[in-house]
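Student: Could you pick one part of this model and take me through it up close? I'd like to know what it touches.

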Amino acid sequence: SGPSELDEPTQERVAVQIARLITELQSVPTAPLRSKGLPEADLHADVTEQHGAWHGLRSDLPQGVFDYVERRFQEYLAEPTFYREERRFIHADLSPDHWLFDAARGELSGIIDFGDCELCDPDYEYLYLLEDAGEAFTRRVLTLQGAPDIDARLCKLRYLVTFDHAQGVLASARYGKPEWRQECLEALEAERLRAG
């Protein structure tokens, strides 16, 4: 269940908790984590590589979806403000699926699944918040953190949501999961239609 199913005071308490968690994770010094071998991701390089892989699907996908995602890759990679050299410690999968919710107290009691933790562009931390908890909640978390340029960051994150769905299409064949392909193509088609 996501924040939209909670009443407003509870949503606010959860947003405060998530904002605090992200702030605390991203304040952990990176050098000791790097020296211990924590994975480090180059988001821009990963998107570039994914763009290359997407080209290989040209003849295998509905033309409208292929062209829409191709254009999104080109726009993202051409926008210099989307590139950040900075690396921070992130959970990397803060979907509501990984929140433990105490209904009696109306707040989170924990976060699970730290298996994807890495050093990465700190904006990546908000990807699954936007995708699974919605824009209003993600905007509130960023506001609580005092984040600058929230509209620009949400714009960047919308591209990352597109690429997350594209990654699902790419991964479906590799892992023998045709249902991933169908689900992600439907999400991309819905996105394309919303974009007009």
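Tutor: First, a polar contact here is an N or O pair within 3.5 Å, one able to donate a hydrogen and the other to accept it, with sequence-adjacent residues counting only if both atoms are side-chain ones. The model is predicted, so local features need pLDDT of at least 70 and side-chain atom pairs 80 or more, while totals for chains, interfaces and linings use all residues. Numbering starts from 1 along each chain as written, and side-chain values use heavy atoms, without hydrogens or water.

Let's look at helix H7 (helices are DSSP runs of H or I, at least four residues), starting with Thr-162, which sits in it. Thr-162 is buried (under 20% relative accessible area), at 0%. The Thr-162 side chain makes a polar contact with the side chain of Arg-72, at 3.2 Å. Past its neighbours within four places in sequence, Thr-162 is in contact (heavy atoms within 4.5 Å) with Tyr-68, Val-69, Arg-72, Leu-188 and Glu-191.

Now Leu-160: with neighbours within four places set aside, Leu-160 touches Leu-43, Val-47, Tyr-76, Tyr-124 and Leu-127.

Terms used:
Helix = DSSP H or I, 4+ residues; strand = E, 2+ residues; numbered from the N terminus. Buried < 20%, exposed > 50% of the residue type's maximum accessible area, 1.4 Å probe, protein only.
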